[in-house]
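Hi everyone, thanks for making time this morning. I'd like to walk you through one structure, so please have a look at it while I talk.

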Amino acid sequence: MRIISKLFFISNFVISKVTRKQIWKKVRQKIGNIPNLSIDWDYLTDRFIEPIIWVVDHFADSLGKIFVGLVWLLIQFVVGVAYWIGLSFYWNINAGLTVALVIFGHWILLNVIFHYYMALITPPGLPPNAEQIPHIKARCKKCQSAKPERTHHCSICRTCILRMDHHCPWLNNCVGHFNHRYFFLFMAYVVLGMIFLFIFGAPVIVYELSISDASEPIGYPVFNNGSHLLPQMEEVAPPRTRSLRRAVAVTVAILCAGILAALGALVGWHARLISRGETSIENLTNKDDREAKRLEGSIFVNPYDYGSYENWRIFFGLSEGRTWWCVFFPSIHPPRGDGISWCFKNDLTHVSYK
């Protein structure tokens, strides 16, 4: 549990530089409200931020590969334990129930593996050459590329990303316009899988913990051949094996609890942003705009918010005859739009927004 917390803590720093500045700005504002507190913010910012930026810029790629490897190992470990301990437990209870659980569990596993793999290999989206989009006048100050709306520069990938959400170390990739759906559905199906394991793994944990080594009979099994009691040559699981099963079962339970807590909160957060038509970066900037509009006595309107239901349809790419079944089964269909223009009309027509 402690290891998972540390890994998620480290991953929180491996985000875009824009997000880091916004977060640090909020911290400064909160602390600045404390009376009689004088702080040299320029000196403190340099001392605090520069080491983190140096580590991220120099080791982000290596750390990302390690994180990706850890994800695949965790998937294999949890699934392996489910087969080793859980499958035999339910098979001895009810074979029909076991078959149903295996089918449902493999549906979740298929979606987890598919969406994680697609999030890994799908480029998040790069702006085209300036000659291809002459109506886009904005230019990135760091890479000098054309910068359409909702595009941000990633200091780790060292390029601009279309509709960038954040840089994810667990993907070793940016989350942008073309792989955001894969990233979100991967997390959602992992959370569903953790809930599934908790519901049907609880009886397994209780059973494994209820078996005590001290309660095992002393001696060895025998059988009656008609006249004598003879030892029965039967392989009995040694106490060390039973202790290992219990330790592994408890470890998986703690591991799943940490993953469920972390990813459950993250899925809820991203679901809220999707419902509002925002990315993680836009959520930070829009907060400042909302506050500024409030002080002016007006209301901030997000130009990319088409209403909660329509925002979800846009996010999942449900157009051109696609239905919600694309969410429940693996699909490689592209998102709606090209990541450059952001005006949708009547749910289907995509027109240029300049």
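**A walk through the helices and salt bridges**

Let me start inside: Glu208 and Arg245 are both buried. Keep in mind that this is a predicted model. What do these two residues do with each other? They form a salt bridge, with the closest N and O atoms 2.8 Å apart. Glu208 sits in helix H5 and Arg245 in helix H6, residues 239-275, so the pair ties together parts that are 37 residues apart in sequence.

Now to H5 itself. How far apart should the ends of helix H5 be, at 1.5 Å a residue? Its 31 residues, 180-210, should span 45 Å, and the end C-alpha atoms are 44 Å apart, which agrees. Even so, please look at Gly201: H5 has a kink of about 45° there, shortly before the proline Pro203.

Part of this stretch also turns up in a database record. The unreviewed UniProt entry places the feature "transmembrane region" at residues 66-85, 91-114, 182-207 and 247-269. In the model, residues 182-207 are 100% helix and 0% strand, with end C-alpha atoms 37 Å apart. Residues 66-85 are likewise 100% helix and 0% strand, and there the end C-alpha atoms lie 28 Å apart.

Back to the charged pairs. How many salt bridges does the structure hold? There are 6. Another of them brings together the side chains of Glu278 and Arg290, at 2.8 Å from N to O. Glu278 is in the loop between H6 and helix H7 (280-296), while Arg290 is in H7, so this pair links parts that are 12 residues apart in sequence. Glu278 counts as buried because its relative accessibility is 3%, under the 20% cut-off. Arg290 is partly exposed, at 26%.

The side chains of Arg294 and Glu291 meet at 2.6 Å, N to O. Both lie in H7, 3 residues apart, which is about one turn of the helix. Arg294 counts as exposed at 51% relative accessibility, whereas Glu291 is partly exposed at 37%. There is also a network: salt bridges that share partners join Arg276, Glu278 and Arg290.

Next, two arginines for anyone who likes backbone angles. Arg150 is not a glycine, yet its phi is positive, near 70°. You'll find Arg150 in the loop between helix H4 (95-121) and strand S1 (152-154). Arg158 also has a positive phi, of about 60°, without being a glycine, and lies in the loop between S1 and strand S2 (159-161). Which of the two is buried and which is exposed? Arg150 counts as buried at 11% relative accessibility, and Arg158 is exposed at 54%.

Last stop, helix H8. Here 7 of the 9 residues are buried, so H8 is largely enclosed by the rest of the structure. Among the buried ones are Glu310, Trp312 and Phe315. Just after H8, Gly317 takes a positive phi of about 70°.

And what is out on the surface? Tyr309, Trp324, Trp325, Phe328 and Phe329 make a nonpolar surface patch of about 600 Å². Trp324 belongs to the loop between H8 (308-316) and helix H9 (325-328), and it is partly exposed, with a relative accessible area of 31%.

Note on methods. Residues numbered from 1 in each chain as written. Predicted model: local features only at pLDDT ≥ 70, side-chain atom pairs only at ≥ 80, totals over all residues. Heavy atoms only, no water. UniProt positions renumbered as here; feature names shortened; annotations may be inferred. Helix = DSSP H or I, 4+ residues; strand = E, 2+ residues; numbered from the N terminus. Patch = residues over 30% accessible without salt bridge, like charges linked within 9 Å, V, L, I, M, F, W, Y side chains within 5 Å. Areas by Shrake-Rupley, 256 points an atom, 1.4 Å probe, with all protein chains shown as cover. Salt bridge = Lys/Arg side-chain N within 4 Å of Asp/Glu carboxyl O. Buried < 20%, exposed > 50% of the residue type's maximum accessible area, 1.4 Å probe, protein only. Expected span 1.5 Å × (residues − 1). Bend = angle between axes of the 7 residues up to and from the residue.
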